[in-house]
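Reader: I am new to this structure and would like to go through some of its local features. Could you show me the sequence and the model?

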Amino acid sequence: MIFPEDFVWGAATASYQIEGAVKEDGRGQSIWDTFSHTPGNVADGDTGDVACDHYHRYKDDIGLMGELGLAAYRFSIAWPRIQPDGEGSINPRGLAFYDRLVDELLAAKISPYVTLYHWDLPQGLEDRGGWTNRDTAYRFADYAQAVHDRLGDRVSDWTTLNEPWVAAFLGYGNGVHAPGRRDPGDAMRSAHHMLLGHGLATRALRAGGAQRIMLVVNSSPVLTPAQVNDPSAVPSEADAAVAHRIHALLTRQFLDPAVYGTYPEEVIAAAERNGGTGHIQDGDLALINAPIDLIGVNYYNPCVVEAGPGLPADAAWPGSEDVKFATADAPTTAMGWPIVPDGLSRLLVRLSEDYPQVGLMVTENGAAFEDVLENGRVHDAQRVAYLDGHLREVGRAIEAGADLRGYLVWSLLDNFEWAEGYRRRFGIVHVDYGTLTRVPKDSALWYRDVIRRNGL
Ligand code: FCB
């Protein structure tokens, strides 16, 4: 299987998950510092204080990327390095780190893909209401502009938000992620304000001449249990209605406003039942509907649901009354996530049909397994099989006509996996957290060969 000539191969990371150096060069505190330092929130009490120490080791890490032949590296900027309190004057030392990072990448002929928000909101903004406060959207646009002013001469690919569904509904809905708030109305409001921030930031970036702008969503095909292993299975009317509603809450809630300037009726209904729609002001949807070039798709597993009459809404899913969240009948990763590779092609084809005017990129895909480092090697055959299986589905989606521009593996390095801490390893490069030594796993060497031959 050979991929299109200009297909972009790369890997992704995020600031809080790899950088460490949380007190260095004037960095302010983020909601993830506060959250991870609060006992009970993260497995084993892990924090991002040191993480992979990428802040100090970025040159070596870029050296590794070069050896693997990556054409693109997707990383995020820590907003509290740029504006320690979330607003006002810019911290030049924080910005200088990303300046060096970008220069080093370009020298290695690796294209920087910058994500502006991968969840590390400055704590100062959270203290003023966080994403439940409309003002945060405007502060985000200011920050985006400041970063673009400095890096825009060298960075062509910009992402506003990473996975606003997770940030809003795990951060403010079920409280599994920072800031750990638990209120369905707060979650709905946060999602809207993130979208508003996306729209305002997109306009600011565009005005500054940004070449390509992307919104990255965690998306999944929403399937009934029978559809997981049999795509031709026809769901009952009740199951189909539930799947339709969950798809609206998971994916269309973000992409419809961004691409079409409309909210699905299911999202409005969910807001009406959870705090109301007063936060959606006249003109907001027009602001959110700023043209984007690409939809970034982070795919790990399908979302499996069926009708569950009488069930209350799940805390992460306001509006999910009468829905039973089920599990797929499939082998799982160390996260307990079912492995369903063709969920990726089903998803990509659906998105390319629903949003045909926007290109697609797989911005995250990968898996955690129980890796063993032995004699300086990690024989992670399961990860190779996972990546191989999913890349075949990427190829199938391209054959089916999806405008798919590239694939970025999650993740370059083992890193701080949010509420799971360091015990879940997603890297194609192993990190020893005692010595911080990096060792490319078999999957990294396999990926290098895939990139070399531009195919499987
Ligand atoms: C995604 C996140 C990413 C990583 C993977 C496993 O939801 O964007 O940071 O944690 O999951």
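Author: A residue counts as buried when its relative accessible area is under 20%. Please keep in mind that this is a predicted model.

Reader: Where does W119 fall, buried or exposed?

Author: W119 has 6% relative accessibility, so it counts as buried. W119 is in the loop between β3 and α6.

Reader: What is the phi of W119?

Author: Phi of W119 is positive, about 85°, although W119 is not a glycine. Most residues other than glycine have a negative phi.

Reader: Changing topic, which residues does a cis peptide bond join in the case of S411?

Author: The cis bond joins W410 and S411, with omega about 10°. S411 lies in the loop between β13 and β14. The peptide bond from A178 to P179 is cis as well, with omega near 5°, and P179 is in the loop between α8 and α9. Most peptide bonds are trans.

Reader: Now helix α7: how far apart are its end C-alpha atoms?

Author: They are 25 Å apart, which agrees with the 24 Å that the 17 residues of α7 (residues 135–151) should span at 1.5 Å a residue.

Reader: Which residues of α7 are buried, and what covers them?

Author: The buried residues include F140, Y143, V147 and L151. Among the elements covering the buried residues of α7 are α5, β3, β4 and α9.

Terms used. Residues numbered from 1 in each chain as written. Predicted model: local features only at pLDDT ≥ 70, side-chain atom pairs only at ≥ 80, totals over all residues. Heavy atoms only, no water. Helix = DSSP H or I, 4+ residues; strand = E, 2+ residues; numbered from the N terminus. Expected span 1.5 Å × (residues − 1). Buried < 20%, exposed > 50% of the residue type's maximum accessible area, 1.4 Å probe, protein only. Contact = heavy atoms within 4.5 Å.
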